[in-house]
Structures are given as structure tokens and as C-alpha cells.
Amino acid sequence: MFNKILIANRGEIACRVIKSARKMGVATVAVYSDADRNSLHVKMADEAVHVGNSPVSESYIVIDGIMDAIRQTGAEAVHPGYGFLSENPKFARVLENEGVGFIGPPVGAIEAMGDKITSKKIAREANVSVVPGYMGLIGSADEAVRIADEIGYPVMIKASAGGGGKGMRIAWSGDEALEGYQSSKNEAASSFGDDRIFIEKFVTSPRHIEIQVLFDKFGNGIYLGERECSIQRRNQKVIEEAPSPFLDEQTRKAMGEQAVALARAVDYATAGTVEFIVDEDKNFYFLEMNTRLQVEHPVTELVTGIDLVEQMMRVAAGEKLSIKQEDVKLGGWAVESRLYAEDPYRGFLPSIGRLTRYRPPAERAAGPLQENGNWPGEAPTHDTAVRNDTGIYDGGEISMYYDPMIAKLCTWGCDRDTAIEAMRSALDSFEIEGIEHNLPFLSAVMDHPKFISGDISTAFIADEYPEGFRGVTPDESMQKKMAAGCAAMYRVAEIRRTRVSGRMDNHERHVGENWIVRHDGRSFPVSISADREGSTVTFEDGSSHRVASAWTPGCQLAELDVDGEPLILKVGKIISGFRIRSRGADMNVQVLTPRQAELAALMPEKRQLDTSNLLLCPMPGLVVGIGVEEGQEVHEGQSLCTVEAMKMENILRAEKKGVVSKINVASGDSLVVDDVIMEFEWRDRDGDSVAGSS
């Protein structure tokens, strides 16, 4: 085994590798850019070496800089994580020439599977089912449209060297193929330095299911079950689970055997993932092979008890696999939620800045799986597990230079329902402040009937949230539970306030029993009867809820017991009440005396500022293109401006017909949220000016 390894990556995956190395007694070396000088992976590693400026192109993917760090520290091997140099054959070859171990596959496998066109040809030869498409190189946008027309819409336009959802576009028409081809080329060139594009048929409403494989250098290979990765946005996975709720044992075996056959065809060695799309009839088609550790590998580890990072290190050190196919048992169920720094209420646009509060739920193990790394014959039927892979800490920063992932929150349970319920509680308990994040959306998915039933596809987000995510409105029962909880909490806060003020010794005389709870335009008159064990909150219709809690004023997480069931609320202070966030809902709840409620009803509502004639920047980013000129007439849906944020191009479009009256930015400008990019004079259908109207 190696004595010291270098991790050529950053963030949560670097921290993840460090944990396994530490468990194995292997010293670690971190590398970092200017922006990551104070990052968690730097603090966790035994040594750390600065490798360049903040942009990836000037630090993490500069091979010479990484090699200098290896020589400087005497690292014997490199774990590349995922992304960056993980599937770069040139890097693997340089390591090989210098006698440094690569905790990854052979160069030939990276080259064969890293090229999407070549990989599909090899898959066909290995009798692996593939999607129909055009595997040749495409030289122009016009050629792309012609090929797409021949294949038949919809088609998927993909970067040959792509991965992680970058350089991918779905086209439903010739116009979309024309635009998608150029966007894919630009994004591929920026992300991978390779702008080759190919096109294949897009299977509508498919599931994205992948098989984890593991090979040693002696030709021994196994598959470790599957992962369901169908909940995606812009081809980027959001929620994963293992196993899939859709597959039967026969299909699982067939997919696993084909995945092993493909890996064996390229003399594979180490952990890898073969991705498939699966239609409604369980027909499956090879999509691509990722010759690296996948982001979502923890769910496989949780249901198999196998540490994939440890296995990768052992394979790289020349050890044979100690696990045979018959040893692989899938025990229980695991779910992973990817927590991103993005605003779900604004089209999931990236968010950057400092985390003023970052408190993930406490991690915990469950049963013999996590204790000894193997199932003792049957899956444990007790408890649940919580795992949080992260590279962030309280007070840390989310940078504009890198992927917006904050953490990968995973839960395990003895069955799918238990794992999902554990995830609901873990999401409710996860405290993040200072930036926008997708926690509310993740919580909403966990309660969505289609997800609960397992009736999902890669079109889930587009189909279920066609107008974007607007938050969750709790049902009547949950609204009353929240109202009861807030009323009981507010009473506690009022008691404390009267004590602090010192107005009277018997403070309870100042805290009444009758209150009006208001939220989302609704009012709930309640009365509160309290004792040492809690409060009984009675509503106007005679129904009541019993609330018990150890919550104290100022605490930002309230763990309540309402009628014997847990209710977890994130709590923020507002005038006469709280900002409450739970299960995807985000609302201001006021608790008023009857007289206060009477007066509040007379207050006029604040008018919103009209910005309908402005194009505002929806996220921090860099202007990479302006598609119109001042004085130009634009139509609904027309591309106006392209802003790059966190390695993704975002095209901003006109909402309706109008004339560009002023452009305030130029290509190359850095923008923050709500910077005014353009101003418009809108036109009605007859061409008359309606400037400023919404």
C-alpha cells in the first residue's frame, strides 16, 4: 500500500478521499488555488501545496503544477477524484512516465471510454445495447441540423469529451439544433478543451440508471448493483438512490453483465460507472462510461458496505479484488440529495458568497453494514444512517470559479420508505444561511407523490415544475400544525421578553391566552393552554394540537413534537412572529393579539417596484455574448445575452416583443445579481409602445 497520496482535486471529493486514506493509514497531500486557500480539504490533509490562481485553467488542471506538487511532497500516487484531470489520458500518461501511481484506470481505457463516439463503437462490438445516432464528427451547425433531421427529433447534442451534464443540449426542432450545436461546442471547449460534437436519438421519458463496476489489474471484475439517477436538471443529477425502484432482478443482472463486458473489453481496472437509459418497458441502452469515481458513489457504499475509494487505492497498489460477484449483497436503501448553491425560486441560478451559517444534521451509522463493511447475511432492520459528504464549513465561501455543490446528503434505511423519511428529517434539520440554496426544492421532491411511488423519469423536473419551482404550500392539516407550533413558540418568546423587561414578578399575567396566527393570507384564531409539559393550542373550530418542545428563543432550529409526531422548523425572527421554513415551504408567520390583528388588517400593502422593462442579471457571472443592439426590435423567446456562471452558459431571452432602448454591459463584464443588463420599450400586438407595462 502507498505511504502518501496526492489528491488532484478540491471540495467535497477531496475531503471524501482523505477520510478513506486516513482510515487506511495513508498520508495525504492537498492542492489548492488562491480561492481555496482556506478550504476544508486543505485543513484536513496532512500537507497542502498551492498550485495557482483561482480559475481551474490556471490551477487544478495544469498538469505541470500538479506534477511539481507531487515531486515536492514525494507522493507515491494520485487520486484524481472526479472532473478536472480524472479522465485526462495525458495526465495519466505523465504519471506513468514518472513512476507515480494513478488511482484510476489504464490510459487506454480512459481514451476509449472518454470519447463518446469511440465508446459507442466499442459497446456495439461488446454486444452492449446502444442508442441510435450519428457517431461521426460534425463539422458545422448546418450539418448538425441535417443529421438531426435524418435521425428524427428529439435529439441529444453532446460533447464527445463531455461529462457532468456539460456540453449537452436537447433539440426538438431544426432551430433548436442550430442553437444547441453552437452552445454545446462553446461549453465543451470551455470545460474540456475539446469541442467535438455528436448527435443521438433522445429517448423520451427515460430513466437514467447506472451500474457500478469494480475491476482489479488481473482481469477480475464485478458489478455492485445500480443507482437510479433520473431526477435531473439540465442533465445534471440532483437526487440519486440505490437500488432503483424500477428494476427487477433479471434486468439488474443483464445490465450488470453488460457493464462488466464493456469494462473488460477495454482492460479496465479500478472503480467505474456504466450509464444506461432505460425505457418504460425496461429496454436499456448504453449511454456512456465514466472512468472515475462518480459523484453519487456514496449510495452504493451504503447499500453494499464496500468503500469504493479504499478499493481504488488497493487496486492501484496492485492488490487483487477480495470480493467476488456472489459476495455482493444489496442491503436496505440509500438516497442522496445534492445540495447546490443555487436559487430554486429563480430558475436554479447559481449563488455565491459566504455561508454565515452552515450546520448539517449530525452524521450517524446504522447496523452492522457501517461497522464492519459487510452484511452479516441479512440487512439490519433497525435505525437509519445519515452521511454528509462536504467540502464546506461554517463561515466558508462558495466561489464563482467552481461547481456550486455544497454537499451530498445521504440517508440509509432498511427499505425505501424509511430512507426517504430519514432524508426528509435530515433536510429539515440542515441549516444554511448567507447564500441561496436548493434545500426547499429537495424537500419538495421528497414529498412529491410521483417520487414517493417511484414513478419518475429524466423529465421529472420539467414535467412536474414546468413553470419553475415556486415553493410548497402546506395542506390544511400541516398549516394548522405549523400555526400551533408557532403560537406555542411565540408564547415562550413573550414570556422570556416580559422576564427580561422586569415589568412584573409574575410575568404570566402579561401573556394572554388568545392569539391570531397569520400566514399566507390566512388567519387562525387560537387559544393556548400551557403547563409544564407543553401547550395545547385550540382553534376556532374546536380542533386542537398538543405541542411540546425544548425550543428556546433565539434558536434557529425548532424540533417540535406535535400530537406525538416530529415537526422540524427552521426559525428566523420577524416583527411579531417568525420566518418558518420546513418541507419546502417558506413563509412568514405572525402571532398577534386580537387587537394587533385588527389594526394590522387596516395597513395598506406595499407596492412592488415595476422592473418589467428591464433585463436584470439573475445570477453572478460573466457576460460572454450580447445578441442584440440598441434600437433593435426583439420578439418573444429571442436570445438577448449569454452569461456564464459556474462553468455553465445561461442564455437570457426576451419575454415579449419590444425594442432594445439601452444596453448597459459589454462582453467580458462581471455582473452581480440584479445588475441591469438592458432596458426595453415593449410593444403590443399592433406595434404600439407600452413601455413599463408588465
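Predicted model: local features only at pLDDT ≥ 70, side-chain atom pairs only at ≥ 80, totals over all residues.
**Cavities, cores and a sheet**

Let me begin with the largest cavity, to whose lining α14 gives the most, with 3 residues. Counting cavities of 30 Å³ or more, the total comes to 2.

Let me turn now to the nonpolar cores. The largest of them holds 37 residues, and the members that touch the most others are Ile5, Ile103, Ile222, Leu224 and Met313. At least two residues of this core come from each of β1 (4-7), α1 (11-23), α2 (40-44), β11 (221-233) and α11 (308-316). If we leave aside neighbours within four places in sequence, Met313 is in contact with Met1, Phe2, Ile5, Ala21, Met24, Val26 and Ile103. There is also a second, separate core of 36 residues, which includes Ala407, Ala426, Leu427 and Val445.

Finally, there is an open sheet of 4 strands, with antiparallel pairing, whose order is β36-β35-β33-β38. At its edges lie β36 (648-653) and β38 (670-671), each of which pairs on one side only. Between β33 (residues 621-626) and β38 the antiparallel pairing extends over 2 bridges, and Leu622 has Ser670 of β38 as its bridge partner. Helix α8, residues 174-192, lies across β35 (639-645) and β36, and runs at about 145° to β36.

Terms used: Residues numbered from 1 in each chain as written. Heavy atoms only, no water. Core = buried A, V, L, I, M, F, W, Y, C linked by side-chain atoms within 4.5 Å. Buried < 20%, exposed > 50% of the residue type's maximum accessible area, 1.4 Å probe, protein only. Contact = heavy atoms within 4.5 Å. Pairing = 2+ DSSP bridges. Axes fitted to C-alpha atoms, helices over the stretch in contact; angles between N-to-C directions. 1 Å grid on protein atoms, 1.4 Å probe; cavity = no way out; pocket = protein on both sides within 12 Å on 5 of 7 lines; lining within 4 Å. Points joined across faces, edges and corners; volume = space filled by probe spheres on them.
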